[in-house]
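Visitor: Hi! Could you walk me through this one?
Guide: Happy to, here it is.

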Amino acid sequence: MKKKTVLSFILCLIIFLLSSCTRVGERDGTDFIVNMAKYGFDLTAEETVSTEYLKESYYVNSCKISVYLNENSKLYRLVLTYSKTAPKDFCFTAKCCIASFCGLEEAITEDIVSTLGFSPSPPDSTKGVARCESEYYLFSFTCDKAGGCLIIDSLRLNPTSAPTVTVRTTVPKITSAEESVSS
């Protein structure tokens, strides 16, 4: 009797383990927010757009973080933009976004940041867009006198499209009181 009980317990445990779900490389919006909170960011969605996908935008350190979720609420794209007045905190915010979205080790995140070269002028050698790829993610960065943009695409959830970066259409428009008065 004792052997049957132990054997049935082990069998139940094996069935439970085999049927459990893993989400490697597929984060949802909540995962991202929780991971960003570990770095000290308090993200509250300020804009939400719902079409064939859900887009939520957050404003942090004068940067705009837009996350794109598919129909299964899996995070498949992240866009981080800054205007020309806010590049000093961009590198730290970008590192935290990369780590929170991709779950990469710090050394790999540093390699990505180094490869993309978050400089104030766009790279000439790659027609203005710096790109790099990890096993499951595609990273793209560009900037001009208006600001800069980092796009991270999940190759698991969005395998066929490369990121396209257009600074003029993605940089958040930040209006100051001075601009409002002069208009």
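**Salt bridges and a loop serine**

Guide: With 25% relative accessibility, Lys 95 counts as partly exposed (between 20% and 50% relative accessible area; under 20% is buried and over 50% exposed, with a 1.4 Å probe and protein chains only). This is a predicted model, where local features need pLDDT of at least 70, side-chain atom pairs count only at pLDDT 80 or more, and totals for chains, interfaces and linings use all residues. Residues are numbered from 1 along each chain as its sequence is written, and side-chain values use heavy atoms, leaving out hydrogens and water.

Visitor: Which residue forms a salt bridge with Lys 95?
Guide: Glu 110, with the closest N and O atoms 3.1 Å apart. A salt bridge here is a side-chain nitrogen of Lys or Arg within 4 Å of a carboxyl oxygen of Asp or Glu.

Visitor: Where do Glu 110 and Lys 95 lie?
Guide: Glu 110 is in helix α4 (residues 106-116) and Lys 95 in helix α3 (residues 90-102), so the pair ties together parts 15 residues apart in sequence. Helices are DSSP runs of H or I, at least four residues, and strands are runs of E, at least two, numbered from the N terminus.

Visitor: How many salt bridges does the rule count?
Guide: Two. Arg 77 also forms one with Asp 153, at 2.7 Å between the closest N and O atoms. Arg 77 sits in strand β4 (residues 75-83) and Asp 153 in strand β7 (residues 147-154), 76 residues apart.

Visitor: Are Arg 77 and Asp 153 buried or exposed?
Guide: Both are buried.

Visitor: New topic: where is Ser 134?
Guide: Ser 134 is in the loop between β5 (130-133) and β6 (137-144), and counts as buried at 18% relative accessibility.
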